[in-house]
Amino acid sequence: MTDYTFVTLWRFRAPVDAVWALLHDAEAWPAWWRGVEQVEALAAGDALGVGTVRRFTWKSVLPYRLRFDLRVTRIEKPFALEGEAFGELEGAGRWSLEADGDWTRVRYDWTVRTTRPWMNALAPLLKPAFRWNHDVVMRRGAEGLGRRLGCPWEAGG
């Protein structure tokens, strides 16, 4: 398996509650996040959503799809959302949101490893392409979220 650590930073001129609402509603991501093909609910969690399991199918610029399940492990509305992934990716993700005046800062930490044999075999050669691909997917997320919110946004912010 090959390990990856990604940090994505976004800023939106929108209230933290509005940004949170869209990020928290993962089943609606395909409507605004280019590359998210499908989000399927597999198991309900508790009243807050902790324990919820969803299956994500992603398609991006490179000619492959990734499918993995994600179990929500922590929700601290509207500031933190965490989960653990299993399937074609294994690891953990964490959304962190912070109000900053009229803006909301968003940070996504994604520490995963690939489980597909071909990806692991080619990782020494293709790891930079996989990183680039991840960056494209996340930029598309920022663009879609900004459009959905109807507000200015910045990547890296």
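D109 touches F6, V7, A92, G93 and R94 once residues up to four places away in sequence are set aside, where contact means heavy atoms within 4.5 Å. This aspartate lies in strand β7; helices (H or I, at least four residues) and strands (E, at least two) are DSSP runs, numbered from the N terminus. The side chain of D109 also makes a polar contact of 2.8 Å with that of R107. A polar contact here is a pair of N or O atoms within 3.5 Å; within protein, one must be able to donate a hydrogen and the other to accept it, and residues adjacent in sequence count only if both atoms are side-chain atoms.

Before going on, a word about the model: it is predicted, so local features need pLDDT of at least 70 and side-chain atom pairs count only at pLDDT 80 or more, while totals for chains, interfaces and linings use all residues. Residues are numbered from 1 along each chain as its sequence is written, and side-chain values use heavy atoms, with hydrogens and water left out.

Now move to another aspartate, D69, in strand β4 (residues 65–76). D69 counts as buried because its relative accessibility is 10%; buried means under 20% relative accessible area, exposed over 50%, and partly exposed in between (1.4 Å probe, protein chains only). The side chains of D69 and R55 are joined by a polar contact of 2.7 Å. Leaving aside neighbours within four places in sequence, D69 is in contact with L42, V53, R54, R55, E84, A85 and F86.

A43 counts as partly exposed because its relative accessibility is 33%.

If you follow β4 to its end, the loop between β4 and β5 holds P78. A cis peptide bond joins K77 and P78, with omega at about -5°.

Next comes the interior. A nonpolar core is a set of buried Ala, Val, Leu, Ile, Met, Phe, Trp, Tyr and Cys residues joined through side-chain atoms within 4.5 Å. The largest one has 42 residues, of which W10, F12, L23, W29, W33, W95 and W110 touch the most other members. Helix α3 (residues 117–149) gives the most to this core, with seven residues. As for W33, its contacts beyond four places in sequence are W10, W58, W95, V137, M138, R140 and G141.

Helix α1 (residues 16–24) has V16, V19, W20, L22 and L23 buried. Seen down the axis of α1, these buried residues fall within an arc of 170° (taken from the directions from the helix axis to the C-beta atoms), so they line one face of the helix. In the loop between β1 and α1 sits A14, which counts as buried because its relative accessibility is 6%. Beyond four places in sequence, A14 is in contact with V19, D102, W103, T104, L149 and C151.

Finally, look for the largest pocket. On a 1 Å grid over the protein atoms alone, a pocket is an open set of points where a 1.4 Å probe fits, with protein on both sides within 12 Å along at least five of seven lines; lining residues have an atom within 4 Å of a point. The largest pocket is lined by 38 residues, of which W58, F68, L89, Y108 and W110 lie nearest its centre.
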